[in-house]
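Here is a brief report on one protein model.

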Amino acid sequence: KVETILFPFTDQAHARLAKRLLPAYCDYYGARVKVVQVVSPAISPAARQEAEANLRNFFQAEPYPADVEVVRSAETVAGLVRAARGCQLIVMGGDEANMLEQLIAPPIPYQLADQTQKPMIIIRKFQEAEDGGDSSQDVR
């Protein structure tokens, strides 16, 4: 049973699309959302409170119940793994890295999938090529 969905927040196109799809997952599972933003451990308490307030404001008009948390961690994936405790599903936007960048350093969604046993839905926004085909190079 999915009671809580983890949504790692970023302001990238894929994450914005994932945010628009969250109500459907919440309705289907009857679940709450735990919105998490990972920040540097060097961030000041005031900056952390401001980040949390901004997240709350950004999600307050959503049609689903959301808990907001700003997690301090030197490693984004480690912070997300900790935040995923108590969540049964992770919904997040895909990475915007190109194929070469993905070979050099795996994107955060793929690293998270490797380090957690939670089911994940990774949402990517694809653009259609001029010939009507898919112009994306993402094969995962």
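The structure holds 0 disulfides. This is a predicted model. C26 has 5% relative accessibility, so it counts as buried. C87 has 3%, so it counts as buried too.

Strand β1 covers residues 4-8. Of its 5 residues, 5 are buried, so β1 is largely enclosed by the rest of the structure. In a regular strand, side chains alternate between the two faces of the sheet. In β1 both faces are covered. T4, L6 and P8 lie on one side, and I5 and F7 lie on the other.

β1 pairs with β2 and with β4, as the table shows.

From β1 the chain crosses through helix α1 (residues 13-29) to β2. This β-α-β crossover is right-handed.

**Nonpolar cores**

In soluble globular proteins, nonpolar side chains tend to be buried together. Which residues touch the most other members of the largest nonpolar core? They are I5, F7 and V35, in a core of 21 residues. Two or more residues each come from β1, α1, β2, α2 (45-59), β3 (66-72) and β4. Helix α1 gives the largest share, 4 residues.

V35 has contacts well along the chain. Leaving out residues up to four places away in sequence, V35 touches F7, F9, L55, F59, A66, D67, V68 and E69. Another core lies apart from the largest one. This other core has 12 residues, among them V38, V77, L80 and L112.

**Confidence**

The mean pLDDT of the protein is 84. A value of 70 or more is reached by 83% of the residues. Where is confidence highest, and where is it lowest? It is highest in β1, at a mean of 96. It is lowest in helix α4 (residues 99-104), at a mean of 62. Over residues 134-140, pLDDT stays under 50. For that stretch the model has 16 contacts beyond four places in sequence.

Definitions and conventions. Residues are numbered from 1 along each chain as its sequence is written. This is a predicted model: local features need pLDDT of at least 70, side-chain atom pairs count only at pLDDT 80 or more; totals for chains, interfaces and linings use all residues. Side-chain values use heavy atoms; hydrogens and water are left out. pLDDT is the predictor's confidence in each residue, from 0 to 100. Contact means heavy atoms within 4.5 Å. A disulfide is a pair of cysteine sulfur atoms within 2.5 Å. Buried means under 20% relative accessible area, exposed over 50%, partly exposed in between (1.4 Å probe, protein chains only). Two strands pair if DSSP finds at least two bridges between them. A crossover is right-handed if, with the strands pointing away from the viewer, the path from the first strand over the helix to the second runs clockwise. A nonpolar core is a set of buried Ala, Val, Leu, Ile, Met, Phe, Trp, Tyr and Cys residues joined through side-chain atoms within 4.5 Å.
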